[in-house]
Amino acid sequence: MKNICLAALASIAAWSCAPLSSQPPGEFASLLAAPHRTPGNVARDAARHPAEALEFFGVRRDSTVVEILPGSGGYYMEILAPYLKDRGRYIAADRDASAAPQYLADYQRLLARLKAEPGLYGKVVVTPFNAGLHDIAPPGSADFVLTFRNLHNWIERGEIDGALRAFHRALKPGGVLGVVDHRGRDDLTQEAQMKSGYVRQDFAIALIEKAGFRLAGASEVNANPRDTKDHPAGVWTLPPTYRLKEQDRAKYAAIGESDRFTLKFVKP
């Protein structure tokens, strides 16, 4: 396993010096209708605005992009891996061998999916991620590290510092860390809303800047003013999880997915 990971990292390194080019406006939007995308992922597009988020981060066809924990569902993987396969590189930084059984099972489903669709995913490189324990890409090789709705878990488990170190190591100078997460309430401390899955935006910015990144921009593309952030089962009350099952389901469906910040950081 170690030798496989080292070989994968070496192959990624060969791509790290590719010149960057500008991206035509709206290029991602055309990918959302691609026939390979799964219906469940397509149903999330109206809430997650993937084309706008990726354009905000600045991803290009010749970029080396590391996505953290794409999982077998592969929401962004379905868009990014085919987009990058000819001129760039998509790296899926997923679970390592210490993960809980349910996460290891999902990791195996991810590998099976990649193998089953080589035309789309044959060039995907999978690397292990667990806070700061592994190199998710060769140091200084990645143009982008992207994470979607993971920050709250790492903060709660005390893994955020290690994760940010791994991201910083992987990125080249000038590389971008893109972060999307459930935006918490400003009238409550982070500790008070930790179990709800929400993260104060100012708290997230301070943590990430402390790790050596510089905030380069914030987008409201994933804002949802209908989200009151006071739900009985936290953010998981809302779609797509619906943790309360049928209880007040119509009410939470009308709110939609959570209010989210979309932040762009740069490694100086």
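By class, how many nonpolar, polar and charged residues does the lining of the second largest cavity have? There are 3 nonpolar, 1 polar and 3 charged residues. Here Ala, Val, Leu, Ile, Met, Phe, Trp, Tyr, Cys and Pro count as nonpolar, Asp, Glu, Lys and Arg as charged, and the others, Gly among them, as polar.

Before we go on, keep in mind that this is a predicted model, where local features need pLDDT of at least 70, side-chain atom pairs count only at pLDDT 80 or more, and totals for chains, interfaces and linings use all residues. Residues are numbered from 1 along each chain as its sequence is written, and side-chain values use heavy atoms, with hydrogens and water left out.

## Cavities

The structure has 2 cavities of 30 Å³ or more. On a 1 Å grid over the protein atoms alone, a cavity is a set of points where a 1.4 Å probe fits but cannot get out, while a pocket is an open set with protein on both sides within 12 Å along at least five of seven lines; lining residues have an atom within 4 Å of a point. Grid points are joined across faces, edges and corners, and a volume is the space filled by probe spheres set on the points.

The largest cavity holds about 50 Å³. Ala 81, Leu 84, Lys 85, Gly 88, Arg 89, Tyr 90, Leu 120, Lys 123 and Val 124 line it, and the elements giving two or more residues to that lining are α6 (77-84) and β2 (89-94). Helices (H or I, at least four residues) and strands (E, at least two) are DSSP runs, numbered from the N terminus. The second largest cavity, at about 30 Å³, is lined by Arg 48, Tyr 76, Phe 148, Arg 149, Val 180, Asn 222 and Arg 260.

## The largest pocket

About 1,000 Å³ of space sits in the largest pocket. It has 35 lining residues, and Arg 48, Phe 148, Arg 149, Asn 150 and Asn 153 come closest to its centre. Two or more lining residues come from each of β1 (64-68), α7 (101-116) and α9 (151-156). Sorted by class, the lining has 13 nonpolar, 12 polar and 10 charged residues.

## Charged but buried

Glu 27, in helix α2 (residues 27-31), counts as buried because its relative accessibility is 14%. The cut-offs are these: buried means under 20% relative accessible area, exposed over 50%, and partly exposed in between (1.4 Å probe, protein chains only). Glu 27's side chain makes a polar contact with the side chain of Arg 61 at 2.4 Å. A polar contact is a pair of N or O atoms within 3.5 Å; within protein, one must be able to donate a hydrogen and the other to accept it, and residues adjacent in sequence count only if both atoms are side-chain atoms.

Arg 113 belongs to helix α7 and is buried too, at 13% relative accessibility. Its side chain reaches the backbone oxygen of Gly 73 at 3.0 Å. Skipping neighbours within four places in sequence, the contacts of Arg 113 (heavy atoms within 4.5 Å) include Thr 38, Met 77, Glu 78 and Tyr 121.

## Packed insides

In soluble globular proteins, nonpolar side chains tend to be buried together. In this model, the largest nonpolar core has 32 residues, and Ile 68, Leu 151, Phe 167 and Leu 177 have the most contacts inside it. Such a core is a set of buried Ala, Val, Leu, Ile, Met, Phe, Trp, Tyr and Cys residues joined through side-chain atoms within 4.5 Å. Helix α10 gives the most to this core, with 6 residues. A second, separate core of 31 residues includes Leu 32, Ala 53, Leu 80 and Val 176.

The buried residues of α10 are Ile 160, Gly 162, Ala 163, Leu 164, Ala 166, Phe 167 and Ala 170; what covers them includes β1, β4, α9, β5 and α11. As for α6, 8 of its 8 residues are buried.

Most residues other than glycine have a negative phi, and most peptide bonds are trans. Leu 69 has a positive phi of about 55 degrees; it lies in the loop between β1 and α6 and is buried, at 17% relative accessible area. Lys 245 has a positive phi of about 60 degrees, but this residue is exposed, at 60%.

Lys 245 sits in the loop between β6 and α12. Pro 240 is found in the loop between β6 (214-219) and α12 (249-255), and the peptide bond from Pro 239 to Pro 240 is cis, with omega near 5 degrees.
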